[in-house]
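Open your viewer, switch to a cartoon view, and keep a way of selecting single residues at hand. We will go stop by stop.

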Amino acid sequence: MEVTAVGGVDLAVRPGSVVVLMGPSGSGKTTLLSMLGCLLRPTRGEVRILGRPVVWQEPAVSLVRRRYLGFVFQHYNLLSALTAAENVMVALRFRGVRDEARQARALLERVGLGARWNFLPRDLSGGEKQRVAIARAIAGNPPVILADEPTGNLDSASGRAVTGMLKECAVRDHRAVVIVSHDARIVEFADEVYFLEDGWLRAGPAAPGEARDALALPGSADLAAEKRTSLH
Amino acid sequence: MFFIAWRHLLKERTRLALTLVGVTFAVVLMFFDVGAYLGFVRASSVLIDHANADIWVTRENNRNFDSSRPFPERKLWKVRQVRGVARAEPVAKGWAQMKLNNGSTETVMLVGLDPDAGLGLPWKLGEGALRSLRTDNTIIVDESSLAKLGGVAVGDAVEVVDTTVTVVGICEDVKSFTTYPIIFANYETAKRLSGVYRLSGADQTTFILVSVDPSESVEAVVSRLRAIEGIDVYARDEFSRRTRDYWIVQTGMGVGFGLTALLGFLVGMVIVGQTIYSSTIEHLREYGTLKAIGATGREIVALIAYQAVVYAVLGYLVGVAIAMSARQGYESLGLKLVTTPGMGVGMFVVTVAMCLGASIVSVRRALRVDPALVFRG
């Protein structure tokens, strides 16, 4: 039996903005995020980054992820054998940044973990791990940050701090940030909020920013687009 | 990627230690097996390889050193008349019983030659002088046989087939493949003491060793000598190879050693494979994360391969160190363990191949990881 996980999405995320995708479990949020992150190829439609359609072939798609996308995961997904700084260095190396040790320390300073650069993940709290994950995501300055339930495992104070950092990543560094979350408190940081229901994207009525009408058509997603593009 | 691999290994030190035990065991096993094999192989042709002779002439249909039987000595004169033969000398090989001081007897291989012929046998003397063999009923014994022969020393008189002979020298490195002691005597003494010449007659010899005139090619002289009826003629390397092949192939020894080496290889492969695979499964999510943040398939392969190579290098170094330490004990048993730089390089390549081969399943598993896994709980 064929199941359509995400059926009608036409989404453009502008640099400097935070877009929040909300929806009940099974609504297709993670599937949509996987497609936006070039981890899952859509059966129809396309994903554009900086206006260019993604080529779904290795190693091109790996290079797209490496150059343009930073990820923040609910479960942090830090490499357990590496220190906080080394986790950031891995992303820096992938992105061809030289002097990665110094840069990693600087990024950890930025997220408030300068003193814990040589801590292993097991020695960090959940909030600290997520901050390391944010430092890793912004390492090498990718134009798009994708965050999956970034506050899902955090207490409210840590969750607020992490969300604030993601907002700062968008505004200060002019990045496009997409957050998938169940957490209603995130809405206050969003420029746009979308609800996903049964794979269909609809503009969230509670969005504090510029809400858009959901397009109930199979379509495309354009990340970090200077201008919204409609493809169908 | 190397630093990630290295950190993975250091993080799981117990696993690293257990894997190194496995690789080390495999290396030691293969090292001893191959070293002993080479020792046996070399021993089987040791006299051929050290003699100053370009060509070995034997009785017809005698295909190797150990199964050679006497043939008429008059062939020597025919050989000497062939163009390109600079020198031809007879060598007698036979068997005899030596009576030991404790009353028991030991079978010995007698090699009889003219000590003044410059045949290069024996090639390394620890005590005494080769010219002492000019005197009848004198022998030179190899040091590896001294214990077996009741601790005889230079000057001792021993009984060989009811004849009292005197030990006039101790040579080195003449270790027989069959472990029977090799005794050197002059040509006439050896024939007189050997049972085979008592039966076949004194006008027989076992080998004719030929040196070729420098202006001639060995192949050309071999070809001319083959025109003489009743003998077989071999260039030294061919005769050496035939003798080795006889022991390696026809006795099944090669298969036995090969299986043992293969066993060591497989043991190492299974241990390393199991370790790397379990580590890969435990870190599957991390491989997914690496892929999500942009690692290519090649980099994932490199990450696992680095771990395999580290296991191989460390296991090899520890294994070789243990094998070299244990070597003296092995050789004190009267066995020869041959180690050469080429063997060291070969063993290292085999060890790396073993560990890399063991990681193939893990590599396939890691490459199949869906990077979207990182979004699942």
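Is A:Leu50 buried, partly exposed or exposed? Select A:Leu50 and show the surface: this residue is partly exposed, with a relative accessible area of 41%. On this tour, buried means under 20% relative accessible area, exposed means over 50%, and partly exposed is what falls in between, using a 1.4 Å probe and protein chains only.

Before moving on, a word on what you have loaded: this is a predicted model, in which local features need pLDDT of at least 70, side-chain atom pairs count only at pLDDT 80 or more, and totals for chains, interfaces and linings use all residues. Residues are numbered from 1 along each chain as its sequence is written, chains are lettered from A and ligands numbered from 1 in the order in which they are written, and side-chain values use heavy atoms, with hydrogens and water left out.

**Backbone stops in chain A**

Stay on A:Leu50, which sits in the loop between β3 (46–49) and β4 of chain A. Helices (H or I, at least four residues) and strands (E, at least two) are DSSP runs, numbered from the N terminus. The phi of A:Leu50 is near 55°, a positive value in a residue other than glycine.

Next, pick A:Pro59, in the loop between β4 (52–53) and α2 (60–68) of chain A. Look at the peptide bond leading from A:Glu58 to A:Pro59: it is cis, with omega near 0°.

Then go to A:Asn141, found in the loop between α5 and β6 of chain A. Phi of A:Asn141 is near 60°, again a positive value in a residue other than glycine. A:Asn141 is exposed, at 52% relative accessible area.

**Chain A as a whole**

You will find 6 helices and 10 strands in chain A. Of its 232 residues, 56% count as buried. Chain A exposes about 9,900 Å², and carbon and sulfur atoms supply 50% of that; accessible areas come from the Shrake-Rupley method with a 1.4 Å probe, and for residues only the protein chains shown count as cover.

**Along helix α6**

Select residues 156–173 of chain A, which form helix α6. How far apart are the end C-alpha atoms of this helix? They are 25 Å apart, which agrees with the 26 Å that its 18 residues should span at 1.5 Å a residue; the expected span is 1.5 Å times one less than the number of residues.

Color the buried residues of α6(A): A:Gly159, A:Val162, A:Thr163, A:Met165, A:Leu166, A:Cys169 and A:Ala170. Viewed down the axis of α6(A), the buried residues fall within an arc of 150°, so they line one face of the helix. That arc is taken from the directions from the helix axis to the C-beta atoms. An α-helix has 3.6 residues a turn, so residues three or four places apart point the same way.

Turn to the other side of α6(A), where A:Ala157, A:Val171 and A:Arg172 are exposed. To see what covers the buried residues, show elements including β2 (18–22), β5 (69–72), α4 (100–110) and α5 (126–138) of chain A.

At the N-terminal end, A:Asp155 caps α6(A), with a side-chain oxygen 3.1 Å from the backbone nitrogen of A:Ala157. Just after α6(A), A:His174 takes a positive phi of about 60°.

**Cysteines**

How many disulfides are there over all chains? The count comes to 0, where a disulfide is a pair of cysteine sulfur atoms within 2.5 Å. Select A:Cys38: its nearest cysteine sulfur, that of A:Cys169, is 19 Å away. A:Cys38 is buried, with a relative accessible area of 2%. In chain B, B:Cys355 is also buried, at 0% relative accessibility.

**Into chain B**

B:Thr289 lies in helix α10 (residues 284–292) of chain B and is buried, at 2% relative accessible area. Which residues does B:Thr289 touch, not counting those up to four places away in sequence? They are A:Phe73, A:Asn77, A:Arg136 and B:Val374; contact means heavy atoms within 4.5 Å.

Last, select B:Ala129, in the loop between β5 (125–128) and β6 (138–142) of chain B. B:Ala129 is buried, at 17% relative accessible area. Leaving aside neighbours within four places in sequence, B:Ala129 is in contact with B:Ile140 and B:Val168.

Note on methods:
Polar contact = N/O pair within 3.5 Å; in protein donor to acceptor, adjacent residues only side chain to side chain.
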